[in-house]
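Please consult the sequence and structure shown below while reading.

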Amino acid sequence: MKKVFAKKDIFTRYSGNPIITVYDIPYSANAVFNAGAIKYKNEYLLLLRVEDRQGKSHLTVAKSADGKTNWKIEKSPLIYPQPTVFIYEEFGCEDPRITYIPEDDYYYITYTAYSRYGPAVALARTKNFKKVERLGLICPPNNKDAVLFPEKINGRYAMLHRPVAGDIEHIWIAYSSDLIHWGNHEVVLVEKGGPWWDGFKVGAGAVPIKTPEGWLIIYHGVKMMPSGPIYRLGAALLDLENPAKVKKRCPEWLLSPQEVYERIGDVNNVVFTCGAIVEDNQIYLYYGAADSCIALAFAEIDQILSILIEGDLQVK
């Protein structure tokens, strides 16, 4: 089998990065990062994680005609902590992923509800990104990095999530018939341990992308260094009918912190995605950089698949 390894990051950064900073937010805030992404009514829509100047996060809508420039950011959040109504959001609402499921005609938002009880997975839904209905917690603490698949698999909803067991943080999958009660949990992608770039922990990123070869997932991996963690992005291919089965896993990362806006911020050395939009064969990858701003990078699906399929790669 031919070995295929990248000599540089597969994702190409947009020359206008970062595309959104805290100075673009039309109200007082500390940082903006880790946005969910979807195409909505011919516009590119981001659901921004905005951290306020108290330290709590909320989720605000931004729209752009070309997905790169002239972002119109709402003056008030779509989802914000309401601890008197939902106590598990006491400390904030974080890291949204947006999945549109045509069968339901809803845009589902999975996000981290953070409180004194720990980080948990919450679910909400909307049809217009103006009003949102909270469906409540679907995974208790400690759990985060949850994302729904964009269609049912064997008649059931499917979700990637990342529970914490001591120091172990693998990506799992769960299934549901009603989006509220989840079961049939299985480990999907494991942290590798040792010196690997994704050895310390892993977590699901953007909504899985359906391809003829399988479900393409972009995930984050963390390596712990003496100076602190480094967050990078990699890819894996899951079986279409049984996404608990990893068909291929790229041994190298596809995007790593290199630019100043990725290296220096509230959390140094971080690239972290919650959303991607596919246009024909191209992925628009929206990612948080150093937990301080939002950036954009591009890659061809075929190029990533060729590395996964043709390379000398490892599965879990």
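## An open sheet and its packed helix

In this predicted model, four strands form an open sheet in the order β1-β21-β20-β19, and their pairing is antiparallel. The edges are held by β1 (12-13) and β19 (271-279); each has a single partner strand, so one side of each lacks a neighbour in the sheet. Strands of a sheet pair through backbone hydrogen bonds, either parallel or antiparallel.

The antiparallel pair of β19 and β20 (residues 282-289) is joined by 8 bridges. Within this pair, Glu279 has Gln282 of β20 as its bridge partner. Helix α2 (residues 301-310) packs on the sheet, where it touches β19, β20 and β21 (293-300). The direction of α2 makes about 70° with that of β21.

## Nonpolar cores

The largest nonpolar core comprises 28 residues, of which Phe11, Leu216, Ile283, Leu285, Tyr287 and Ile304 touch the most other members. At least two residues of this core come from each of β16 (214-225), β17 (228-238), β19, β20, β21 and α2. The helix α2 gives the most, with 5 residues. A second, separate core has 22 residues, including Tyr14, Val22, Leu48 and Tyr284. In soluble globular proteins, nonpolar side chains tend to be buried together.

Which residues of α2 are buried? They are Ile301, Ile304, Leu305, Ile307 and Leu308. Seen down the axis of α2, these buried residues fall within an arc of 160°, so they line one face of the helix.

Ile283 is located in strand β20. With a relative accessibility of 0%, Ile283 counts as buried, because the cut-off for that class is under 20% relative accessible area. Apart from neighbours within four places in sequence, Ile283 is in contact with Phe11, Ile209, Leu216, Ala276, Ile277, Val278, Ala297, Phe298, Ala299, Ile301 and Ile304. His58 is 225 residues away from Ile283 in sequence, and their C-alpha atoms are 26 Å apart in space.

Leu285 is among the residues that touch the most other members of the largest core. When residues up to four places away in sequence are not counted, the contacts of Leu285 are Phe11, Ile218, Leu233, Leu255, Thr273, Gly275, Ala276, Ala295, Leu296 and Ala297.

Strand β12 (residues 171-176) pairs with β13 in the antiparallel sense over 4 bridges. Ile173 stands opposite Glu186 in β13.

Arg162 belongs to strand β11 (residues 157-163). Is Arg162 buried or exposed? Its relative accessible area is 2%, so Arg162 is buried.

Two polar interactions involve the side chain of Arg162. The side chains of Arg162 and Glu169 are joined by a polar contact of 3.1 Å, while a polar atom of the Arg162 side chain lies 2.9 Å from the backbone oxygen of Val202. Not counting residues up to four places away in sequence, Arg162 touches Asn142, Asn143, Lys144, Asp145, Glu169, His170, Ile171, Lys201, Val202, Gly203 and His220.

Conventions. Residues numbered from 1 in each chain as written. Predicted model: local features only at pLDDT ≥ 70, side-chain atom pairs only at ≥ 80, totals over all residues. Heavy atoms only, no water. Pairing = 2+ DSSP bridges. Contact = heavy atoms within 4.5 Å. Axes fitted to C-alpha atoms, helices over the stretch in contact; angles between N-to-C directions. Buried < 20%, exposed > 50% of the residue type's maximum accessible area, 1.4 Å probe, protein only. Polar contact = N/O pair within 3.5 Å; in protein donor to acceptor, adjacent residues only side chain to side chain. Core = buried A, V, L, I, M, F, W, Y, C linked by side-chain atoms within 4.5 Å. Arc of directions from axis to C-beta.
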